[in-house]
Amino acid sequence: MSDLTATTAADQAPEATTNRPLGLDAIALGLARLQRDTALSDPVTTTIYGGDELVVCVAPEDLRAWAHALGLPAPGYADVLVDDDGWRRIEVAGDWDGCRARAYALVPPGDAGVLVGRAIGRYRVVEVAADGAQVDVAAVRP
Amino acid sequence: MSRLTTRMRVLANLIDELDLRGAIAVDTADLLVSIDANSCTVQVAGFAPIWDRVAAARTVAAALEMPAPAIHTSAADDSQHFTSRTVPDRTVPDSGAGGWSDFYMRVTTILSLSESWPADVADVAGDAEGGES
């Protein structure tokens with residue numbers, strides 16, 4: 001395995017093409033360099049599909065930073081999908097260094113408000129009124 | 001560099017080397033490499049014939065010094081998984097930062113409904129560790 005601090009052939013910038021898979025190692029090396037150069041936390045799961053697609057599952061609070069680092073669109077409300085069991089999946093996708101990239105976070109049922117808010121950089125502030133009803137006091141706050 | 005990233009690199013590097021040597025019978029585009037804090041999975045997928053996928057799974061497992069793959073049947077979907085795996089602190093040597101000794105390792109391919117296992121794989125089935133079902 002090559003030392004990441006040394007210049008190797010694989011260290012050269014990958015060609016920005018989607019016609020040729022970069023290869024597993026090239027993507028893994030790119031990921032290693034990305035984490036070396038940033039303060040990104042470890043993904044929950046890292047998957048490389050067939051040498052031309054990187055998928056990272058990250059904590060909701062880390063999603064925006066990962067999306068930014070990979071050059072993907074910032075996650076927003078439109079990127080929040082809800083499955084039949086109530087889980088939220090917030091996912092953004094795009095191209096990164098010549099390969100397809102996806103970053104997503106999963107939010108379990110019940111935690112949706114706060115964690116989805118963290119994932120998309122907005123907080124939903126809810127107060128409980130005297131009669132027990134939930135009242136939005138600030139639907140969106142940076 | 002994070003521990004996970006290091007290990008992902010080691011694994012990807014290993015697979016690329018196997019591909020360059022022609023040891024893997026399928027295109028690396030048919031491989032899925034996944035890693036999290038506790039486990040690592042290499043799945044041989046794609047459209048390659050079953051015997052090529054089996055050969056690739058065996059090659060990767062051997063390169064990782066994992067036990068020989070055996071067939072396991074999933075009770076959930078009744079599909080058959082050709083799986084090699086090990087558990088933490090077993091079998092796979094820890095060679096520094098890239099070691100796998102504390103990872104649950106798995107190499108697998110899955111039989112589709114239209115496929116049959118090659119005869120030599122069927123022979124291995126009798127040695128499987130009881131299967132998952």
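What share of the 133 residues in chain B is buried? Buried residues make up 48% of them, where buried means under 20% relative accessible area, exposed over 50% and partly exposed in between, with a 1.4 Å probe and protein chains only. This is a predicted model, in which local features need pLDDT of at least 70 and side-chain atom pairs count only at pLDDT 80 or more, while totals for chains, interfaces and linings use all residues. Residues are numbered from 1 along each chain as its sequence is written, chains are lettered from A and ligands numbered from 1 in the order in which they are written, and side-chain values use heavy atoms, with hydrogens and water left out.

**Chain B elements**

- Chain B has 3 helices and 5 strands; helices (H or I, at least four residues) and strands (E, at least two) are DSSP runs, numbered from the N terminus.
- Read from the N terminus, the order of elements in chain B is α-β-β-α-β-β-β-α.

- Helix α1 of chain B covers residues 3–20, and its 18 residues should span 26 Å at 1.5 Å a residue; the expected span is 1.5 Å times one less than the number of residues.
- The end C-alpha atoms of α1(B) are 26 Å apart, in agreement with that span.
- In α1(B), 13 of the 18 residues are buried, so the helix is mostly covered.
- After α1(B) comes G22(B), with a positive phi near 75°.
- The axis of α1(A), residues 24–37, comes within 8 Å of the axis of α1(B), and the two cross at roughly 160°; axes are lines fitted to C-alpha atoms, for helices over the stretch in contact, and angles run from 0 to 180 degrees between N-to-C directions.
- The two helices, α1(A) and α1(B), are therefore roughly antiparallel to each other (under 35 degrees counts as roughly parallel, over 145 as roughly antiparallel, 65 to 115 as roughly perpendicular and the rest as oblique).
- The crossing of α1(A) and α1(B) is left-handed, meaning that the near helix is turned anticlockwise from the far one by less than a right angle; clockwise would be right-handed.

**The sheet across both chains**

- An open sheet of 10 strands runs in the order β3(A)-β4(A)-β5(A)-β2(A)-β1(A)-β1(B)-β2(B)-β5(B)-β4(B)-β3(B), with mixed pairing; two strands pair if DSSP finds at least two bridges between them.
- The edge strands are β3 (80–82) of chain A and β3 (70–73) of chain B, each pairing on one side only.
- On average, neighbouring strands of this sheet are turned by 25° against each other, direction ignored.
- β1(A), residues 45–49, pairs with β2(A), residues 53–57, in the antiparallel sense over 5 bridges, and T47(A) stands opposite V55(A) in β2(A).
- β1(A) and β2(A) form a hairpin with 3 residues between them, and G50(A) in its turn has a positive phi of about 55°.
- β1(A) also pairs with β1(B), residues 31–36, in the antiparallel sense over 5 bridges; the bridge partner of I48(A) is V33(B).
- β1(B) pairs in turn with β2(B), residues 39–44, again antiparallel over 5 bridges, and S34(B) stands opposite T41(B).

**Cysteines**

- The whole structure holds 0 disulfides over all chains, a disulfide being a pair of cysteine sulfur atoms within 2.5 Å.
- C99(A) is in no disulfide, and the nearest cysteine sulfur, that of C57(A), is 17 Å away.
- The sulfur of C57(A) is 16 Å from the closest cysteine sulfur, in C40(B), which is too far for a bond.
- C57(A) is buried, with a relative accessible area of 9%, and C99(A) is buried at 1%.
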